[in-house]
Amino acid sequence: MRTSETEEPPGPDPLVRDDTVLDESPRAASRPGARRTVLVVLPLLVGLAVTGGMGGRLLLGETEPASATGSVTCWDGEEVDAPEQCGRPRGTDGLTRVFPSFRPDQLECVDELERNPTYTRPAMWTCTQNVRGRPVVVTYSEVTARKPAVRFFDDLHGEDARGVVRTLRGGATAYVWTPQATDDGAWEGSLLLREGPYAVTVRAELRSDAARALERQVLVRTPEEWRADPTE
């Protein structure tokens, strides 16, 4: 806010040379010329303006914007500027990121790629869990692509078993194949996420156990958090 100042009679501009006045006194001869005055005074005015601006920001509580470098943590621990710079979750660690229910260090799990070297999926683990005291086998997979995976599950369960796209807890959407009877008397069902190439197949002795495992035992993280931790 400007404060009122007492006006003084106008006088010659100190930054403009007045050629109409000739002062032959020694004092006049020792004055700096107009050019030198400009070179000296202008930097001082600029400095005062910059200092005043900084002081005003401090008084108003304004601070310089902080650098965003390293403000996002990716699923693999990398620090980047934005979630878009994080890669898609891959491999075993990627499965644990997408599926919080996949805990190979706590559940009885086997790496299917080690047990079956001919399998071509990027990652595939089978874990044994319990539903109402009965064992249910749950296989978590990273698949190569969505369309081939849809054809695979259509062949495995039957195309009629694939229902409408379902929204899961957490917000992810998935194709879901309802449990169907197998040749050996078990029941199998699957889901394939639409937001990424990840799938789950469950196998149980009872159809109700297989359906319950798909709906409640398999947990899927919200897709916005697949690549990076949420920012505050």
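R88 is partly exposed, with a relative accessible area of 24%. The model described here is predicted. In this model, the side chain of R88 forms a salt bridge with that of E142, at 3.3 Å from N to O. This pair connects distant parts of the chain, 54 residues apart: R88 belongs to the loop between β2 and α3 (91–98), and E142 to strand β5.

**Strand pairing**
- Strands β4 (residues 123–131) and β5 (residues 134–142) run antiparallel and are joined by 9 bridges.
- V131 has R134 in β5 as its bridge partner.
- The hairpin of β4 and β5 has 2 residues between the strands, and R132 adopts a positive phi near 55 degrees there.
- β5 also pairs with strand β9 (residues 198–204) in the antiparallel sense, over 7 bridges.
- A199 in β9 is the bridge partner of S141.

**Salt bridges**
- The whole structure contains 7 salt bridges.
- E142 counts as buried, at 3% relative accessibility.
- D209 and R134 meet through their side chains in a salt bridge of 2.6 Å, N to O. This pair links helix α6 (residues 207–217), which holds D209, to strand β5, which holds R134, across 75 residues.
- D209 is buried at 1% relative accessible area, whereas R134 is partly exposed at 31%.
- R115 and E112 form a salt bridge, with their closest N and O atoms 2.7 Å apart. Because they lie 3 residues apart in helix α4 (residues 112–115), about one helical turn separates them.
- A network of salt bridges links D184, E188 and R203.

**Surface charge**
- A surface patch of negative charge gathers D76, E78, E79 and D93.
- E78, in the loop between β1 (72–73) and β2 (79–80), is partly exposed at 43% relative accessible area.

How values were computed:
Residues numbered from 1 in each chain as written. Predicted model: local features only at pLDDT ≥ 70, side-chain atom pairs only at ≥ 80, totals over all residues. Heavy atoms only, no water. Pairing = 2+ DSSP bridges. Helix = DSSP H or I, 4+ residues; strand = E, 2+ residues; numbered from the N terminus. Patch = residues over 30% accessible without salt bridge, like charges linked within 9 Å, V, L, I, M, F, W, Y side chains within 5 Å. Areas by Shrake-Rupley, 256 points an atom, 1.4 Å probe, with all protein chains shown as cover. Salt bridge = Lys/Arg side-chain N within 4 Å of Asp/Glu carboxyl O. Lys, Arg positive; Asp, Glu negative; His and termini not counted. Charge placed at Lys NZ, Arg CZ, Asp CG, Glu CD. Buried < 20%, exposed > 50% of the residue type's maximum accessible area, 1.4 Å probe, protein only.
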